[in-house]
Amino acid sequence: MREPTSRRAARGRIEQSPLPDFCQLPALFALLVVGALTVTVMWLARDDPRDWSAYSVGMLFATLLGMVAAVTLCALRPWLQRLPGHLPYVGVWLLILLVVLAGSIAAHWFDGALQMHLVRGSLPVFVRDNVLIAALLGAAMLRYFYVLAQWQARLAAVTRAQVGALQARIRPHFLFNSMNTVAALIRVDPDAAERTVEDLSELFRAALGQHDSADGTLGEELALVERYLAIEQLRLGERLRVRRELDELPRDFPLPRLLLQPLVENAVRHGIQPLREGGEVSLRGWRDGNGVRIEIANPLPATPPAAGNGHGLDSVRQRVAYRYGPLAKVQAGAQDERFVVLLQLPGGPA
């Protein structure tokens, strides 16, 4: 069933002006750090003797304002996201000013009621100065969040384009090689030819289908790898030997689609196909805390192809870094006459 036009339009507006999630720690941390730095700079810029009690009260005031602003923006974020264009950022900026305005009035009143004499100047001057500072710093911070969101959107678009390129590359490779295999098997082994057509059909459906989510699961990706290996097994025969040690892997682990299949394809094309006697491709995987580690290894030919082993490896690195962050690692290189690719993927949310 098609999504209603109004809902698609609203979702499109949200994607065009993504706001930071003020319910998460990074946004709250940014608000608190900006407030703390502001208080520190203003305290250091004073000519009179430094008053540590005033500095402590100022830090407490900035921290409370940051937390109140974060809670307010967290609660109102769904409503702000529905605004068109850049109005969500304008709304966030105005809400920050409103919180600072109300907090400044309350702080001035408490200072007078408790006779602490920590606030200098009249109420209008105190409120005006705080609102002006919040306006300038809030605009700078929101500009940073906006640029960061645009960069993430461009990176996501590049990632989708890379997936599309990988899918496009699969079409002719599997089509020509697999059809030749089917043609050769039709007379000598009709059952094997039928299984190959079924595997090929499922492989294309899984690899080239349209998906609403950028992520699949590790189990789905391993099934895709098995279909690829089944087709290559018929083409290469006994030259292709596969060793699997994958029982420890959690099949429901979130994984970008077409992440492992290109690496296994590289192992077969660059490690097995050039060898007259063939060789063994090993697939190993195990848990690593909340994450996983996956190793793909193949023999190194005596004369490597000019393009090198691991075509598309840079794309895999970029997609892993985008999806899993700096804790993820993709290591590739020769080890004891074998080419080994090791993926270290942390668990947890994206």
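Buried means under 20% relative accessible area, exposed over 50%, and partly exposed in between, with a 1.4 Å probe and protein chains only. Keep that cut-off at hand for the tour.

This is a predicted model: local features need pLDDT of at least 70, side-chain atom pairs count only at pLDDT 80 or more, and totals for chains, interfaces and linings use all residues. Residues are numbered from 1 along each chain as its sequence is written, and side-chain values use heavy atoms, without hydrogens and water.

**Whole chain**

Select the protein chain. It holds 9 helices and 7 strands; these are DSSP runs numbered from the N terminus (helices H or I, at least four residues; strands E, at least two). Of its 350 residues, 39% are buried. The accessible surface is about 20,200 Å², and carbon and sulfur atoms own 61% of that (Shrake-Rupley method, 1.4 Å probe). Among contacts with a separation of 6 or more, 74% join residues 24 or more positions apart. Contact means heavy atoms within 4.5 Å.

**Stop one: α3 and α4**

Select residues 52-81 for α3 and 87-114 for α4. Their axes come within 9 Å and cross at roughly 145 degrees. Axes are lines fitted to C-alpha atoms, for helices over the stretch in contact, and angles run from 0 to 180 degrees between N-to-C directions. The crossing is right-handed (near helix turned clockwise from the far one by less than a right angle; anticlockwise is left-handed). Show side chains next. On α3 the contact includes F61, L65 and V68; on α4 it includes P88, G91 and V92. By class, this contact has 14 nonpolar, 4 polar and no charged residues. Ala, Val, Leu, Ile, Met, Phe, Trp, Tyr, Cys and Pro count as nonpolar, Asp, Glu, Lys and Arg as charged, and the others, Gly among them, as polar.

**Stop two: α7 and α8**

Move to residues 218-236, helix α7, and 261-272, helix α8. The axes come within 9 Å and cross at roughly 20 degrees. The two helices are therefore roughly parallel (under 35 degrees; over 145 is roughly antiparallel, 65 to 115 roughly perpendicular, the rest oblique). α7 passes α8 in a right-handed crossing. Contact residues include E221, L224 and L229 of α7, and V264, E265 and R269 of α8. This contact has 8 nonpolar, 1 polar and 4 charged residues.

**Last stop: E265**

Is E265 buried or exposed? Select it in helix α8. E265 is buried, with a relative accessible area of 1%. E265 and L229 lie 36 residues apart in sequence, and 8.5 Å apart in space, C-alpha to C-alpha.
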